[in-house]
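Thanks for coming. I will take a few minutes to walk through one structure, so please have a look at it first.

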Amino acid sequence: MSCHEIRAQLPAYATRGDAPLSVRRHVARCAACAAELARYEELRDALGGLTTHVVEPPPGLARALADIPARDRRIDHVRTHVVRNRKAYAGGVVIALAGAGATALWRARVRRPAAA
């Protein structure tokens with residue numbers, strides 16, 4: 001077996017401690033694979049020493065999270081967009097009103113009969 005094939009089996013070997021005879025023989029003869037196995041065993045031992053600590057959340061965190069508005073509602077997206085772009089919308093409204101006023105003046109002049 002090649003080192004590549006052996007190294008694919010080393011995590012299981014380090015975890016369970018059992019491996020096929022061919023893997024054990026290869027590791028006994030190959031310094032690089034033996035060093036890799038030692039790193040896996042060291043990692044296994046370090047992970048085994050980890051402990052779990054339960055931390056209580058700060059008071060009021062659950063309420064603060066629940067108070068965050070749902071951003072999935074369409075009206076919230078529209079409201080946020082309009083607030084962020086209010087200057088552009090205000091400018092557009094002014095231009096539209098000016099255009100409507102100019103159109104009304106033009107139509108009033110066109111409809112007047114010409115003085116003879």
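**The nonpolar core**

Let me begin with the largest nonpolar core, which has 10 residues: I6, L10, Y13, A14, A19, V23, V27, C30, C33 and L37. Bear in mind that this is a predicted model. Which elements give two or more residues to this core? They are helix 1, residues 3-16, together with helix 2 and helix 3. Helix 1 provides the largest share, four residues. As a general remark, nonpolar side chains in soluble globular proteins tend to be buried together.

Setting aside neighbours within four places in sequence, Y13 contacts D18, A19, V23, R24, V27 and L37.

Now to helix 2 and helix 3. Helix 2 covers residues 21-29 and helix 3 covers residues 31-48. Their axes lie 5 Å apart, and the two helices pack at an angle of about 105°. Angles of 65 to 115 degrees count as roughly perpendicular, and helix 2 and helix 3 are therefore roughly perpendicular to each other. Which residues meet here? From helix 2 there are H26, V27 and R29, and from helix 3 there are A31, C33, A34 and L37. By type, the residues of this contact are five nonpolar, one polar and one charged.

Last, the protein overall. It has six helices and zero strands. Of its 116 residues, 11% are buried. Among contacts between residues at least 6 apart in sequence, 40% join residues at least 24 apart. The accessible surface is about 10,000 Å², and carbon and sulfur atoms account for 61% of that.

Notes. Residues are numbered from 1 along each chain as its sequence is written. This is a predicted model: local features need pLDDT of at least 70, side-chain atom pairs count only at pLDDT 80 or more; totals for chains, interfaces and linings use all residues. Side-chain values use heavy atoms; hydrogens and water are left out. Axes are lines fitted to C-alpha atoms, for helices over the stretch in contact, and angles run from 0 to 180 degrees between N-to-C directions. Angles under 35 degrees count as roughly parallel, over 145 as roughly antiparallel, 65 to 115 as roughly perpendicular and the rest as oblique. Contact means heavy atoms within 4.5 Å. Ala, Val, Leu, Ile, Met, Phe, Trp, Tyr, Cys and Pro count as nonpolar, Asp, Glu, Lys and Arg as charged, and the others, Gly among them, as polar. A nonpolar core is a set of buried Ala, Val, Leu, Ile, Met, Phe, Trp, Tyr and Cys residues joined through side-chain atoms within 4.5 Å. Buried means under 20% relative accessible area, exposed over 50%, partly exposed in between (1.4 Å probe, protein chains only). Accessible areas come from the Shrake-Rupley method with a 1.4 Å probe; for residues, only the protein chains shown count as cover.
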